[in-house]
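Hi,

Here is the structure I promised to pass on. Have a look at it first, and then read my notes below.

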Amino acid sequence: MNKSNSSVPNLPRRIVKETQRLLSEPVPGITAAPVEDNLRYFKVLMKGPKDSPFEGGNFKLELFLPEEYPMAAPKVRFITKIYHPNVDKIGRICLDILKDKWSPALQMRTVLLSIQALLSAPNPDDPLNNEVANLWKENEAEAISRAKEWTRIHAMEQ
Amino acid sequence: MGNCYRKQRTPLQRLGTRPTELDDEDGPYMLVINNNNGATGTSNNPSHSRWDNLRNRASRRNRDTQPTWSLCRLTDEELDKHVIDTLSTLRNSAENGTTLILRMRMFRFWANGETGWNMVLLSLIRAVPLDNALGPSAITLFIDHCPLPTKQGVMKLVNDLNLSWEKAADEFMHGRNTDKCARHRNVCAVLGHLAESLAGPLSATILTQNTLEYFMCGLEQTINGVHIPVVNILYSLIALEKFAQTGTNKDKINATEIRAKLMALEDWTESSDYKKCQVGFSARWLLDNAFIVEGRPLSYESVSLNNINAMLNHNDVSEYLKLSADGLEARSDASSFESVRCTYCVNSGVWYYEVTIITPGVMQIGWATKKSKFFNYDGYGIGDDEYSCAYDGCRQLYWHQAQSRRHIHPAWREGDILGLLLDLEKNQVIFYLNGDPLPSEGGIFNHAKEGFFAAASFMSHQQCIFNFGAKPFKFPPLDREYSCFNDHATLTAEEKLILPKHKKLELIKLSEFRADQCDLCCDLKANTTILPCKHSGICSRCVEIVDCCPFCRSEITGTIIEDTNSNSYTSQACTSKSSHCNEKC
């Protein structure tokens, strides 16, 4: 069982490799680790990027690798509430690479980096949450102040 | 199971506050009806004049015809009654009945504030009876419907409980006194659930030395010659497991005699007492996953899997379900609704399997295709979409498309055998309880004709054992020919291996990768160049299944596959992307 090059039973080598790297060289500002007994589910903790309305917040996400992965995109969702034009009420994220622009050459790491970038640069022109997006377009200052408030309320525990 | 099982995530201190003039403290209030004869309601009258005025106004308007309402402080007695009544509503309400939703909201309303939260949790500890099949699962459910507590709120609860070794011993010494056993079990369930949902510093604060000893006392099998009730041993174990999810707690527990205690309790795995089975299973799971004993073989290393050809699929299971090393027993202690499918898929014929019920609480056991989704956090499982159907023997319901219908079987009890028949010739699903069949169901066949798996969902603290035919069936169907998975399925030795998480992570860290492997599968050698973009780094197997170049998204017009025998690239026949194959062919 303990062959040095042994792989993990029933877990595609691709997932083994990505997990190995996520654990050994984490993305700055992001921790991601598989949960409990299912190595296709990842719990992710993402720090709100500096100079964004989400700065200082710790956002929880869940990431699941479907059976078809990497031919199909990972499924990612915010668990922590976030006021963002590209994230809907139940945490789903509007990001092209999670949908039609997915490519099997992308990785969990690249997906997480893209989500981090989305926090730095919200895109109200491609909204998932119209209410938030409209305010973001009409009164950005107010939207940013709400995003900060939500960050303080929901993403800064203890 | 539906929305009632959804978690509430709003922290306590964020909820709206009541009118301040009402609050001499933050304790919860309730409305009571003032009958003419004064039979309802409690003795403590509302003290505040504003509410008196409202009540008087209301009573003036509706004098003689309508009952009037007044606002009273919520009493412990009323709260306990609410807990008991909600337990019975939970047991009997088919779906998200309005009553159940309202009752759940009352918990949320009352627990909004430190005093109220404290009252609700103490009431759960006091009022949930020992013999209720839903007991501890209901406790986790109710707490999830309360707002998250503040640190002070949690500390006050721990102080109020004032736990210690002596306190636990006292509760066990009165083993005949079911109230005290229930109290001990409920304390374990409540604190265990708090430890899990507040994992981190707060969980570490709860586990004081005295609290730890209160739980450890439960792992003694006897105190002064008196046997500790098995249920108290079980929930002590579960509480310790949940506290151990926080690192500092785990170190603290590790420093006790936990391993020796667990090794002694592991022997109960094969017991004919179903409560002892649960203790054995939980102890073994902890020894395999959390408290590793040097020199003790992990269960997966010692289990015999020779005649097992079908099992629960450890790659097709939601994250918190615990599976035994032989893949035939499952248990959940998580507050989410955990699900699993089996390894073998059936498309035609008549199939039968049996399940031994170890715990009589809510499980939904049945059939599902791969399209059925496990939304464990939202309380959706087997029977909660069109691609699955399930039997729930606790609430006595048949589930399909998240709709339930009462069936005529009595509520299941531990040791009962649930039989499940899928007849793809007659399009029938039949459930048997100890051999007694229900009328056949067929709704699922409107949505799926093939691709069925045995599947089940578990509410917290539920456990059962599957028999896919490796052992003789207890109540085989007599009215038709049937097959069992175990006679037709095959699994490789590797597929049968259910490794504990730490073992898998160890393997992940030990895995080695060559530099020249395919970027997509990380398995085969990257031997293919895509044309016309000339991107390489992909193998000849993966290039077959991509729609365009995975690196630049350009259309693939041809490929060059490296000759495995030489280093030179030789142009080979184009791949299956023949429609684009005009450049090289």
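What share of the contacts in chain B with a separation of 6 or more is accounted for by residues 24 or more positions apart? The figure is 69%. Please keep in mind that this is a predicted model.

**Chain B overall**

Chain B contains 18 helices and 21 strands. Of its 585 residues, 55% are buried. The chain exposes about 25100 Å², and 48% of that area is supplied by carbon and sulfur atoms.

The domain assignment divides chain B into domain 1 (73–296), domain 2 (312–502) and domain 3 (512–573). Taken over C-alpha atoms, the centres of domain 2 of chain B and domain 3 of chain B are 42 Å apart.

An unreviewed UniProt entry lists "domain: B30.2/SPRY" for residues 290–473 of chain B.

**The nonpolar cores**

The largest nonpolar core has 129 residues, and the members that touch the most others are Ile365(B) and Phe466(B). Helix α11 (residues 230–243) of chain B gives this core its largest share, 10 residues. Domain 1 (73–296) and domain 2 (312–502) of chain B each contribute at least three residues to this core. There is another core apart from it, with 51 residues; Trp102(A), Tyr300(B), Ile508(B) and Phe513(B) are among them.

**Chain A and Cys94(A)**

The average pLDDT of chain A is 87, with 92% of the residues scoring at least 70. Residues 1–6 of chain A are a stretch to read with care: pLDDT stays under 50 there, and the model has 15 contacts for them beyond four places in sequence.

Cys94(A) carries the UniProt annotation "active site", again from an unreviewed entry. Where does Cys94(A) sit in chain A? Cys94(A) is in the loop between β4 (75–78) and α2 (108–120). Is Cys94(A) buried or exposed? Its relative accessibility is 12%, so Cys94(A) counts as buried. Not counting residues up to four places away in sequence, Cys94(A) touches Asn86(A), Lys99(A), Leu118(A), Asp126(A) and Leu128(A).

Best wishes

Terms used
Residues are numbered from 1 along each chain as its sequence is written. Chains are lettered from A and ligands numbered from 1 in the order in which they are written. This is a predicted model: local features need pLDDT of at least 70, side-chain atom pairs count only at pLDDT 80 or more; totals for chains, interfaces and linings use all residues. Side-chain values use heavy atoms; hydrogens and water are left out. Helices (H or I, at least four residues) and strands (E, at least two) are DSSP runs, numbered from the N terminus. Buried means under 20% relative accessible area, exposed over 50%, partly exposed in between (1.4 Å probe, protein chains only). Contact means heavy atoms within 4.5 Å. Accessible areas come from the Shrake-Rupley method with a 1.4 Å probe; for residues, only the protein chains shown count as cover. pLDDT is the predictor's confidence in each residue, from 0 to 100. UniProt positions are given in the numbering used here, feature names are shortened, and annotations may be inferred rather than shown by experiment. Domain bounds come from an automatic or database domain assignment. A nonpolar core is a set of buried Ala, Val, Leu, Ile, Met, Phe, Trp, Tyr and Cys residues joined through side-chain atoms within 4.5 Å.
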